[in-house]
Amino acid sequence: MSHLPILQVIIPLLAAPLCIVFNNRRIAWFVALCATWASFGVSLLIAQQVLQSGALSYDIGGWPAPWGIDYYVDSLNAFVLLIVTGISALALPYANRSVEQEIDPRSQPYFYSLLLVCLAGLLGISITGDAFNMYVFLELSSLSSYALIGMGPRRRALTAAYQYLVMGTIGATFILIGIGLLYSLTGSLNIQDISYQLHANNIIGSGNRTLLTAFAFITVGLSLKLALFPLHLWLPNAYTYAPSVITIFLASTATKVAIYMLLRFCYCVVGSESIFQLTLGQIVLLPSLAAIIVSSVVAIFQYDIKRMLAYSSIAQIGYITLGLSMSNHSGLSAAILHMFNHALMKGLLFMTMGAVSYSVGSVYLTDFRGLGRRMPFTMGAFIVGGLSLMGIPMTAGFVSKWMLVQAAIELGWWDVVILILIGSLLAVIYIWRVVETAYFNPLLELEEEEIGEAPLSLLIPMWLMVIANIYFGINSAIPVEFAQQAATLLLGGM
Amino acid sequence: MSTDPLYLFTPGLVIILAALPIAILRGWWQRTFIVIAPIMAFLQLWTYSGDASWTVAVSTFDLQLLHITCAGRLFASAFIIALWLGGLFALESASKIELASVFIYAGSAISVTLCGDLITLFLFWELMALASTMVIWAEGSEAARRAGFRYLLVHLMGGVILLTGIAGLAANGSTLDLGIIGSNSLARWLVLAGFLVNAGAPPVSYWIADAYPAASPTGMVFLATFTTKTAVYVLLSYFAGATVLIPIGLYMAIYGVIYALRETNVRRILAYSIVNQVGFMVAAVGIGTVTAINGASAHAFAHIMYKTVLLMGAGSVMLSTGKDQACNLGGLAQRMPWTTTCVVIGSAASMGVPLTSSFITKSLIIGAAAQQHLMWTWLILTACSAAVVFNAGVRFPWLTFFQSQTSAHIEGGHDPSWPGRAALMLGAGICIGVGVFAQQFYNLLPTSGDYHPYSLSHVVAQLQLLVPATLLFFVTLPLISNKPRVQLDLDWILRRPLLIAWNDIVLQLFALGLRWRNFFVSSMVRGFKFLFRHHGPRGILSRSWPTGSIALWVAIILASYVILYSL
């Protein structure tokens, strides 16, 4: 039991080569399925332990913290681990039929292998307490995700993956430069130790230029990875052209992990009382608001619904960073909770996209005509996801948006409250376009061809997500508890 | 409270409840109820002692369902008799729905005259308005539907005014019990206005001639009786001596004469005659002396009787010929001898020929005006009294039964069957009976007074008035056209200029709205175009950018972050 933190990373990492060794798509899928479910189990156990007895620390190879690499799990990254493994545990059963259709059979073992590597990378980022180790895992997950996006069924997937590769590499490099500068300042790579050194040597108070530059690099690098508004340009193409499963997986996890990194660096390295994060708040606020409004408006004009949802994701990330920029407890809780809820709703919405793409072949707005009748379960799930995205009460999206609005009211930011509500209204518009097309625009007689409901292996994970969206909208005690603990932890320093 | 077992229902409620079997049953059972219910109510009414009352507590209100007064008993008796006569007349021809509505209507009117407070009064007042509208609608034609709706609007408006006034009185702390309203508040004026709407006072006098002739031949018999006379009753109960009523009454008397003169539809002539006669009563209430109040009550009774006879006559003609335009009628005397005889008696009563009812009642009113030395009032009332010759008195029977045209072109035309005939004769009999047994009738009046109508001077004066007037009528006969025409009344203001103004306002608002809408839409379109230019699929914010330029932007943002952090 004491080896849980390392098991969390090592299971998907070791399962990845197995997929290639067996070189059979069915076995590869099964291995990946087992690995993700095992990871999910591990993360549940970790979460339980963290909730019961506080933070876990695991020294790899028995080397104690500042010298060796340690894995450190508190309620913040336990929550992120749960999000990542939970989504993958639902995405893998979904993957079987979807991948079968979308990806060349010979590449499928590689696909599952890469997916596991990516998962291991994301989990590694979340669990490690070492800054450089974090970078290594970031590269691991990024490189595998470039390849995964490139496997998309359309040829533009390649250019999308290439662009993401360039952007991601720039981001990762910036992060590496930032970590390097921190290392030059403190002589340490352990996050806790860096924080300790910074405070002990009074580097923070003196306005050290190296520290400032290090943070500029890290925040810009992370903003690229998490697709904060002006640096989001890689995201729409990447999400649009990636295989359905990868879109589900990346949209729900990759950006969340990047946000986790930002939280870790801003709050745990520099500490909550520092002047930096005030500045950070001011810097992030405007891009967040711009993301909410501009991306939502752009989403309204999209015809490719997957692309529309990609822009919606940028807007939702805006909500998360908005909560982050508030730098108070309720804002941070809302941000952390929205990471979870956004994973739920966007995972669900991209699952419906995958199902539509599976049955119809593409996800242009015109393809949705008459789908309300032909794919009732898929479109029903889409509606629930859409409601959650708008923030309708009784759905998960409502809880975090409500908390965010409350946080803004607490600060007296009424203009921000209005912008949040406008963002929700814009979401109503772009979701309604799809619903209207699906339910009120019948197919022409000539176009009648047999389009049926998606297979059960797609529907079951999708409807589990629907249940999760509704369940956590009605009874949000557990995620709210996690989010508030994490926010307390971040504000209290490490 | 009394232990009298008859209090289980008041006479008015007996009539209202009789509406149910009348609506459900058919044939002889239904007729039995129509004939028996008024008799029962009448007997019950006269078994009450002179000061009987019955109060029912409903939530916080004490509803005085029964509060017998002399005037109330007289009015209620007239109503019940009129209902019974009308019921006999309508027995064979009226529709079920009309009869049931009539019973609710009559029962409400009777309840109004027997109730003891304004809240109970208001409840039956509104029920009366609704039931009478149903009576009009029971005629079934589109014209009746429209006229009924106009009628309902007027009466609902009157009801609202009345309710506002009652609420105002209650708020002022004034008593709502039966009796002269003393306080000179706005609420009092509102109550008065609400009452006057039902009396057909200006400016809404038009509704009587507008709505009543639209009802069926039988329906109008009832309509002419109840609404206006309950108004007279409540006016004399709550507003006796309110001098403002004198000019209002005089206006109505003159209005009725003039409009009847120009009217050619015989039923409308009678409708205007109602306004004319109610004007007498309203003016009498305004005079307010003992004699005047007695006169108003007595004349109401007499008027109900002879107007019932006249309208039954007109109804018989219309039922048997289907016509009520003067130019289509005439010469029916031989075909309808019974009807003609009774109508002539009714007409004589309406003019106040000695030995008929109106002679002994109208003289009370005119005498009261003389006693108070109200010279103009006396003069106008006398003139209008003579002018009855030009409507109900001579003109109506002349046009219908005697005018020299041959009746050959008229199809049908026969006396009603025996119940209707009996009703006509009984009504005519009452008209004469009241005139003959004047002193016995006077004993029924609210206050006992010493008045002897059959003095030589009075009889001679009345004949001096009527004979020249009748002569004048025949002399001017060729001058009065019998061509149907439309008469303009004050409702023209509602129907034309106000309607035009309203339409204009609506159009203007619509145009304004359209302009705003255009402005709104064009700015929306412009805004949308702007959004689309930047956010649309090819817009700067949504198109795929070259990788190199993104990298450049990353560098720029990095630089700005560094600068911002260093600030």
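Author: Helices here are DSSP runs of H or I, at least four residues, numbered from the N terminus. This is a predicted model, where local features need pLDDT of at least 70 and side-chain atom pairs count only at pLDDT 80 or more, while totals for chains, interfaces and linings use all residues. Residues are numbered from 1 along each chain as its sequence is written, and chains are lettered from A and ligands numbered from 1 in the order in which they are written.

Reader: Is the peptide bond from B:Pro202 to B:Pro203 cis or trans?

Author: The bond is cis, and its omega is near 5 degrees. Most peptide bonds are trans.

Reader: How many other C-beta atoms are within 10 Å of A:Met394?

Author: There are 13, which makes A:Met394 partly exposed. The cut-offs: 20 or more other C-beta atoms within 10 Å is buried, 12 or fewer is exposed, and partly exposed is in between, with C-beta atoms placed from the backbone.

Reader: And what about phi of B:Leu355?

Author: Phi of B:Leu355 is positive too, near 75 degrees. B:Leu355 is in the loop between α13 (337-351) and α14 (357-371) of chain B, and counts as partly exposed with 16 C-beta neighbours inside 10 Å.

Reader: Switching to helices. How do α12 and α13 of chain A cross?

Author: The axes of α12 (residues 305-326) and α13 (residues 329-360) of chain A come within 8 Å and cross at roughly 170 degrees. Axes are lines fitted to C-alpha atoms over the stretch in contact, with angles from 0 to 180 degrees between N-to-C directions. α12(A) and α13(A) are therefore roughly antiparallel, a label for angles over 145 degrees.

Reader: Which residue classes make up that contact?

Author: The contact of α12(A) with α13(A) has 13 nonpolar, 6 polar and 2 charged residues. Nonpolar covers Ala, Val, Leu, Ile, Met, Phe, Trp, Tyr, Cys and Pro; charged is Asp, Glu, Lys and Arg; the others, Gly among them, are polar.

Reader: Last topic: how many residues does each chain bring to the contact between A and B?

Author: Chain B gives 21 residues and chain A gives 25, where contact means C-beta atoms, placed from the backbone, within 7 Å. On the chain B side, α22(B) supplies the largest share, 12 residues.

Note on methods:
Two residues are in contact if their C-beta atoms, placed from the backbone, lie within 7 Å. Helices (H or I, at least four residues) and strands (E, at least two) are DSSP runs, numbered from the N terminus. Angles under 35 degrees count as roughly parallel, over 145 as roughly antiparallel, 65 to 115 as roughly perpendicular and the rest as oblique.
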